[in-house]
Amino acid sequence: MPHDTMASPDETVTHPRRDVDPLGAAMITVGAMIGSGIFYTPAEVARRAGSTARALAVWTAGALLSLLGAFCVAELGAAIPTTGGMYVYLRRAYGTFTAFLFGWSMLAVLVPSSVAFFAGVTARHLAPALGLPETFVTVGVVALVAGVNVWGVRAAAGLQSATALAKYAGLAVVAVAAFVADPATVAAAASAPAPSEPMGAWEASLAAVVPVLWAYDGWVDVTSVAGEVRDPGRVVPRALIAGTLAVGAVYLLVVAGYHHALGTGALAASRAPGNDLGVALAGGIGLRLMAALVALSTFGGCVIGMLTGTRVVAAMGQDGAFFPALGTLSARGTPSRAIVLTAALAVAYALSSRLGQLAEMFVVGAWPFYGLTAIATMILRRREPALARPFRTPLYPWSVLGFLAAIAVMLVSFTRTTPVPTLVSFAVIATAIPVYGVMRLRARASGR
């Protein structure tokens, strides 16, 4: 099927440049995982867990479950080092329909809503200092991130690496400062009542796992740019696993620091534990520094969302599942049209007054596809035993089965506690069905 019929003179369908080096690949994993969650989620987990030991156990479990997912995806990323990541794996294992469901979810909801959410949080912290309207700054952030991504993957990956390193270092400093601080003094400064009685141990831990898995989310993103990574068979698995371990380690240190400095009671009652800790440690300066770290983290989330998410959209265009023009690459080797479309949708989401609720509502939609991707590891082992696999999933098949069990538990828990957002999320994914039918009819009518 021709893919360049709608391309402009400066665009062509070709193989992307391999401009992402090993450090850049690892930083994509780190940057994708570290967003705004670590600054807010520890309070929610403390409320649900009810004790420091249980909260730390839940955060440890979240890190291990994310690592299991990274193990599964690492095998596929090394064996099929193609830009598009999960979209490509789902298509290879299940066919075009399942892959289209995922690609449509990424294009219509998951990527633009997350970029818009991160841009909005960034603007909330920057707008007062700039003296500009928050909406104006939000749109400006989206435009800046899109522009960098259109310019080239090397520029986008470089910016992503710089922000990832900076926010990782910032989190490490926060953890050290929290441990050095006098816990009695800090806890007194962060005035907050004690939390209510926790649920039963099992139910509380189950409820707390959900926000923790969200905070760790993003470990899969580097596979979306595997076709642009140097020596992907070796680098992609290392980036996935090393990045996940690195983020898990710093998250555990930061969470332990929160509990040490604020105390579990004050942490559980806090609405913005990062701000509370910043004020308690250094007053107004601490609050401003913490706000800057949050803005840096969410800005990095915008960069990585645009960098990796648009590759899924481009893969849909390149294989003819969606408009072929979206798969064309510019002279700089970037899917510029997919980037522009994603940015436009992100702006539309950003102008919605219910952006926060939308971001929370749709994030659960990605998890069934994580499960299908894990199963794809098993399917392709049986169907394509001769496929070269530079990396094999450790502890196979138990690691895959454990990851699938965790996803099932998370989805059941989320459906029980928030049924309406779950149903809305899956309903939006289901809109892919008529769109898929239209695209198939269009392809048949054009003789493709």
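Leu130 sits in helix α5, which covers residues 96-130; helices here are DSSP runs of H or I with at least four residues, strands are runs of E with at least two, and both are numbered from the N terminus. The model is predicted, so local features need pLDDT of at least 70 and side-chain atom pairs count only at pLDDT 80 or more, while totals for chains, interfaces and linings use all residues. Residues are numbered from 1 along each chain as its sequence is written, and side-chain values use heavy atoms, with hydrogens and water left out.

Leu130 counts as exposed because its relative accessibility is 52%; exposed means over 50% relative accessible area, buried under 20%, and partly exposed in between, with a 1.4 Å probe and protein chains only. Together with Leu126, Leu132 and Phe136, Leu130 forms a nonpolar patch on the surface, with about 380 Å² of accessible area in total. A patch of this kind joins nonpolar side chains (Val, Leu, Ile, Met, Phe, Trp, Tyr) within 5 Å, each from a residue with over 30% relative accessible area and no salt bridge, the latter being a side-chain nitrogen of Lys or Arg within 4 Å of a carboxyl oxygen of Asp or Glu.

The chain contains 18 helices and 2 strands. Of its 448 residues, 56% count as buried. Among contacts (heavy atoms within 4.5 Å) with a separation of 6 or more, 82% are between residues 24 or more positions apart.

The whole structure holds 14 aromatic pairs; rings of Phe, Tyr and Trp (its six-membered ring) pair if their centres lie within 6.5 Å, and planes under 30 degrees apart count as stacked, over 60 as edge-to-face and the rest as tilted. One of them is the edge-to-face pair of Phe97 and Tyr436, at 5.3 Å centre to centre with 70° between the planes. This pair links helix α5, which holds Phe97, to helix α18 (residues 432-445), which holds Tyr436, across 339 residues. Tyr436 is buried because its relative accessible area is 15%, whereas Phe97, at 34%, counts as partly exposed.

Two arginines lie over ring faces: Arg332 over Trp151, 3.5 Å from the ring centre, and Arg381 over Tyr396, at 3.7 Å. The criterion is NZ of Lys or CZ of Arg within 6 Å of the ring centre and within 35 degrees of the ring normal.

Notes: Patch = residues over 30% accessible without salt bridge, like charges linked within 9 Å, V, L, I, M, F, W, Y side chains within 5 Å. Areas by Shrake-Rupley, 256 points an atom, 1.4 Å probe, with all protein chains shown as cover.
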